Each structure stands twice: as structure tokens, then as C-alpha cells.
Amino acid sequence: MAETVRIIINDVEYEVPAGMNLVDAAKWYAGEDIPVFCHHPKLEPVGMCRMCLVEMGSIEKDRATGQVLLDDQGQPKVRWFPKLQTACTSKVSDGLVIRTRTEQVTDARENVLEFLLTSHPLDCPICQKGGECPLQNLTMRHGPGTSRMVFTDKMQLDKRVPLGDLIFLDEERCIQCARCIRFQSEIVGDDLLAFHERGRTLQIISNSTPEFDSYFSGNTTDICPVGALLTADYHYSARPWEVAEVPSICPHCPVGCNTSLSTRLDRDFGGRAMIKRVMPRQNEQVNEIWICDKGRFGHYFTRDSSRLCDPLVRDGSLTPKTWADAQLAAAAALKAASGDVAAIAGVGMSNEDLFALRQLLAGLGSDRLGAWPPTHTGADIVAQVGVGQDTNLSTLGRGDVVIVIASDLEEEAPIWRLRLKQARDRGAYLIVMNARRTRLDDFATETIHYETGQAAQALTSLWGAPMENTAKAAISTARHLIIVAGAEGLTLAGHRSLMQTAANLLIETGHVGKANNGLLGVFPGANFMGLHYLGYTPEATLDIARKPPKALIVAQADLLADDPAAAEWLSQVETIINLDLFEASGLNALAQVVLPIQSFAERDGSFVNGERRVQRFYTAQGPMGQALPAWQVLQRLGEHLGQGRAKGSAAAVMQDITRAVPVFANAGYARLAQVERQFPDVGGDDLYYGGTAYANKGGLGVQIPTAADSGDVPAPAPAAAVETPKPRGRLLVVPTIRLYNRERTFLPSTLVHPRIPEPYAEINSADAKKLGIHDGDLVTITVENIPALRVRAHVNGGAPKGTVILPRHLSDTAAPLAITVGEVSKA
């Protein structure tokens, strides 16, 4: 039980946790909003703006006896400070007394605001922050009614200074609170912003090249207490009172960040609801109040002109048809397959979609359900020993150990990287293991580099090391232990071996079945765990490739863009029915029927994130053309096949899931929509406290318990020995992931194009010297059975000897799906 102390706020006594920040304690326990500008509950206090001044004192006690001294009225005596004190730099202690409503405090607040407004522009009517501006709100509440300043004496500064491609600075509006600088330094660990000059000419500058080159830059606009920092896409695009906020879930990675989609009926979108911006929605167990810039700016694909808007049926060539004709054609093809049917579903499919597809195949007598991409496995192991219920990365600290292995978290799951960096700051022992250097190495307590493809062996060696090994000692004495495992540099079999090895270590050390302990898989996309729980596996995908069916349903999976080798086995399938978002999908050239489906923004649904939390998203944007939710397309197809009537809503489909799939029993939409008060208390009218991150009104979700959570702890199982492909005089080609890339779901975000690197490969300097390749040379990478790739060589020490690091989805030519061998030559 945390120690508590008694404090008095405006003559009322409260019991609060010892050592808590005074501003936070007053708000949380007393409902007393002490106004702030520089203070933020997620940042260290600095006391720069002086807006939080209060009268402060302490109850006097007899030094000899410790008894409280009383005055003539029998009330405790208070020793008051001679001057006002900053509440944000004060921590509560027993006997603390403050007053926040006295004349002295009121005058101080008015004076602070008067000084802040001396050179602040009077452009509230056109300011993008107007309507959600802390300075505007606090001036109305605490500021002077008139100004003594002469308008011509105001500083005239630049109004639109690009801090980078994504963020603009209005220098006149900046009040030098340093929130943006401190966020980048304290939370992100990228010290990219700084103060320049001094006095009234003080300015915010970017000190990186390219400017403000951070995956988290958009969060600075959320916590800015004025209209000084603005995102480039929302600049003069809409006003806060014009938009409606719709709760949603980011579709781009396994974190499952809670978001709020700001929508407006827009003439540029035919009068339909249109996403104007994406904002963070508070969920302290998932993403806190932060999102990465891919989640913030990666929504443009939902209404891009490349979207598929009409059903297509091949009649010589693909021809637009009515839904009735297209579904009749698809149903006829499925009947003709006589049960020789399979399906491959992508990670963007919702749980409702996946269930409808499973039902459709079951009605046809098939259970061949493949998960795409088949690069990661072990979701079944996560279901057994994944991180325990109520795990919260924000609570990790001294005495806890986190191992991150075979993953570049900065690129694959940015918010997890952000939160683990902060765990390290709080004292957690962070071990980063990979065959190459990654960004997380900069924040690690210890880094371990192993031979490419040897992740499971490296983890086994770490646990088998003598106790003198500092990492082994930390693991052995850990209060909590989490292993975060990716698949970089591994075959599918190699990844399963790693996941089982990690599970064995956790089971042997007793770190399963409880909060802040267990296995966390860095899976691709938003719903890889949902694929597992509904019966889809990557192993089934490989089986489908080995034994192609007569009829194949592909649902939101870009097979050819991900795996150029897939063309060979796909050509053996008689009928491909493709449910897709995009008209130009490469698979459409092989498909007999192409059916348009809606994106996450156009419908209701749910995903299961990497921590097994089922989370709901809501309809936000108007539909594109005739596109329908995938579950509805599949259930209508089932109607044509005599499998029963289609459900009327996604909620009804989820009700069926709760009855048919035991792990979803507690995940009906009403339960997913439940919320509770979270600390810090952000998103209310007091935007000066937490910024413009939205309070969670759409639901915190439900975490699926693991087998270990239910007391069924599995015994350690053998991890199969797996060999890495043998180079035999060639080089190992290791596909990797970049957060910003040219995937179809991100390419329409043209604002971010300057941050997408040109196609490149990292080559070890020794290998490059042997091949006569220099940094910046154009090289050709040749891999068996796929078209050759032409990329730029980076000879920068980023690749281990004998290995080529090849990021996927940076060029129009697809890179290999998994680790392989190849040749590199100067073009």
C-alpha cells in the first residue's frame, strides 16, 4: 500500500499519495485546477511560466514532541512562505497547506498572463488553436480585461516557420514554455529541438538534419499550450468546433494506439464525413496519450483515388459489375471448387471480417485459413504465456528487466519503443539483442549482437551464462521480466524457435501469468493476434502455397507486393476471389472476381493488439463508391451459397463471435466501450493541463487472458534447432521494415514522402570493398526466383559481415519476404 499524507487545499483536508506532484494531486483528489502552461503531467516540472503560483505553508509542530501547534481558535498553526510558490515544482508532504483563490494568487495569475500577452498576436479568430487553446481559455478565466500595452510595440516575428516537413512554428505565438523541447528530450530521447537567442527574441529551432526528423513530432502540437506548433496537413483546414470526434484504432502496427478521428462534412469529399486529422485518445495501458506520426498522417489511403470502388468480374478483362452479379460469379466459382477452397487473410482484417470468412469456408467444407504475411509465428505461444493481464509498460522501473530481441522497435512498433525508453529511464534493465545495431541500442542498459539468424541460440546462451554475467544476474533477480520478440533475420521456423525459447525462459523463471511479465510478440499489422484467435496461421499459408486450391479467397492481403515469389504458385489457382481496398493491386491481374471492401475508417469493427487487448473502432468517414465491410461481403456471399442470412451490423457479428469463440466471451461491443477514469486526467475543458489528447469515450477494450493467467502454465517445450540459409559464397539478404515506406496504405500520405528513403541496402564495409562497391553506388541485388532489385548502397557499418540489410516496400519492385541468399553487384 502506497504511503499517504494529509494536505489542506483551500481549508479542506485531503489524503493523497506521498511525494505526488502538487498540481497533479490538487486536480486528481481535490478537483482543484491550478492553471499551468509549462507543466505537463507526463514531463518533469520546470517552473518556467509561473502561472501555477499559490500561497503555501506547512502546519507547525512542536520540535520536541512532534505535536501540532494550535492557535487561539484551536486551529493548527500554519507557517506560511513569505512569497508565492510554484505548485508544479512542489511535491506533497504531510501537513502541506495551500491556498489557490486568494487575492494575492489572483493578482499573480493576472500579471503572468499580462506579460505573456505583451507580444502575443491578437489573431484568435483565425488561429488554428482557437476553440481549444489553453492560453485563450486561461486568459478568459484569469487574465486582465484590458491591455496596457501599445500595439505597435509588439514583436513582429515569422508566422509560418517550417520545423520540418510535418510541423510549422508560428514564432509570434510561442510563449517559450519548452514543452516541445522537453517532450523530445525526456519522452522520445531525440534531442532535436532547442531554444535559440535570448530575451524577447528567444525562438524554438530544430537542430537536426533533416529538420525535426522524429517519428513522434506530431505530439508536440498536442501538448503545445498555444497555437505555435501546428501540423502541416491541418493548417487552416478546419476549426475545432466544426469537427466531430470519432473513437478509432490505428491500423498500422501491433501497438493498437487509441485515436480520435476529427471528421467534418466536407465539400471536397462530396459532402460526406471526411477525416481532417488524427489525434491521440488516452489509453494509459496501450499508448498513454501519444501516437507516432505514421498513425497521425497515415490515414489518407482511406479516401485516395486509388481505392477500389466497384465490384469487378473477369470477362476477358476485369469489368465493373453490380454487387448481385459479382456475388453470383463468386458463389458459382466456389461451388465449382467442390470444397477445394482456401483463404488467406491480412492483418488489416477486423475480427468480424475474419469470423465471417471462417464461417464461409466452414460452410464449404474447408478449414484452410492462412494468415498474411507468413513472416511471423508463435501467436499460439503468446496466447499461453503472453504478458499478464493488467500489464502496463508505464509501471516498469527499477528491478524489472525487458529483453528486446530480433526487432527494430523504432520502425516496427514505435510507441513500444517510446515506452520502453521511459522504463529504462525509471531504472528498468533493458537488454537489446539483434544481429545489427538498431535505434533502441541508444537507450539499452546492455546490447548483445549475435550472428544473423541465431536469435534463439543467443537467448539460450544468455540464460546459460554464469551469474557473473550482468545481464544473467539481472534476469535471475528480476522482479518482473518481459521478452519482446520480433522476427528480423529469421525464417518462419527460426521465429517459432525463438518464441518457444523465450517462453521456456519465462516459464522456468516463473515470469508468466502475472502483470508485467510474459512474452510480447512484435507482429505485423493491427490484428495478427486476432488472426490467431479466429483460426488463421502462417503455417497454413505455407501449406496453401505448397498445395494450391482450386479456389482461393484473398482478403486484404497484398500477396504479390509482399512476396514476388508468390506469383508462381498463384498461377496454379483456378479461381482467385480478391477482397481489396485498391484497384491497382497486383493480385487483381490474376483474380477472376474483385470485390471492394471498406477501410477501418468507414465501418465499425475490432482488432486484437499485440498485448491481446480487443479494441473497438467506429465508423468515421463516408464510404468509397460501392465498397462494403468485408464481413458483409462475405456473409452476403454465404447467403448465395445457402449458409443463412447476413447479419445487420458488425455488433451482431461480434455477438456471434462471443458465443462461438470462448476467448471473446467478454468482448461484446458494450463491454469494449466501457471506460474508467485514468491518470492523468486529460481531455477535459482544462486543455492547459494535458494538451489536446482526447479523453477516452470510446472504450478501453478488454484484454484476453493467457492460459497462464488462468492458472494453466504450460511446461517448457523443446525449441526446434533451425539453420540459417547457407550463403555458399553469396550474401545473406535480410529484409527489414521501415516505418515510412511505399506500401499502398501509406503511399497516399504525400505529406510524408520527403521522409520516405529512396530504395537502399546496407552493405558491410568489408563485403563492399571485396565487391568494389562504395557508399552511394547503385547496386543490383539478385535473389533466386524473384526480379532483381536496383537500390542505392549504404556502406555505413549498419550490416554485419556477410549480410545485406534490405528494407522492404521502398521500391516498386518487391523485396524478398524472408531471409534468403543473394548476390550483389555494382550496377
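## Arg-436

At 9% relative accessibility, Arg-436 counts as buried (under 20% relative accessible area, with a 1.4 Å probe and protein chains only). The residue is found in the loop between β20 (429-434) and β21 (446-449); helices (H or I, at least four residues) and strands (E, at least two) are DSSP runs numbered from the N terminus.

The side chain of Arg-436 makes a polar contact with the side chain of Glu-488 at 2.6 Å. Such a contact is a pair of N or O atoms within 3.5 Å, one able to donate a hydrogen and the other to accept it. Leaving aside residues up to four places away in sequence, Arg-436 touches Asp-408, Asp-441, His-449, Glu-488, Thr-736, Gly-798, Pro-800 and Ile-805 (contact means heavy atoms within 4.5 Å).

## Basis of the values

The model is predicted: local features need pLDDT of at least 70 and side-chain atom pairs count only at pLDDT 80 or more, whereas totals for chains, interfaces and linings use all residues. Residues are numbered from 1 along each chain as its sequence is written, and side-chain values use heavy atoms, with hydrogens and water left out.

## Helix α20

In helix α20 (residues 650-660), the buried residues are Ala-650, Val-653, Met-654, Asp-656, Ile-657 and Thr-658. The elements covering them include α8 (351-363), β27 (605-608), α19 (630-640) and α21 (669-672).

## Helices α2 and α3

The crossing of α2 and α3 is left-handed. Arg-109, Glu-110 and Leu-113 of α2 meet Leu-135, Leu-138, Thr-139 and His-142 of α3 in this contact.

Technical notes
Buried means under 20% relative accessible area, exposed over 50%, partly exposed in between (1.4 Å probe, protein chains only). A crossing is left-handed if the near helix is turned anticlockwise from the far one by less than a right angle, and right-handed if clockwise.
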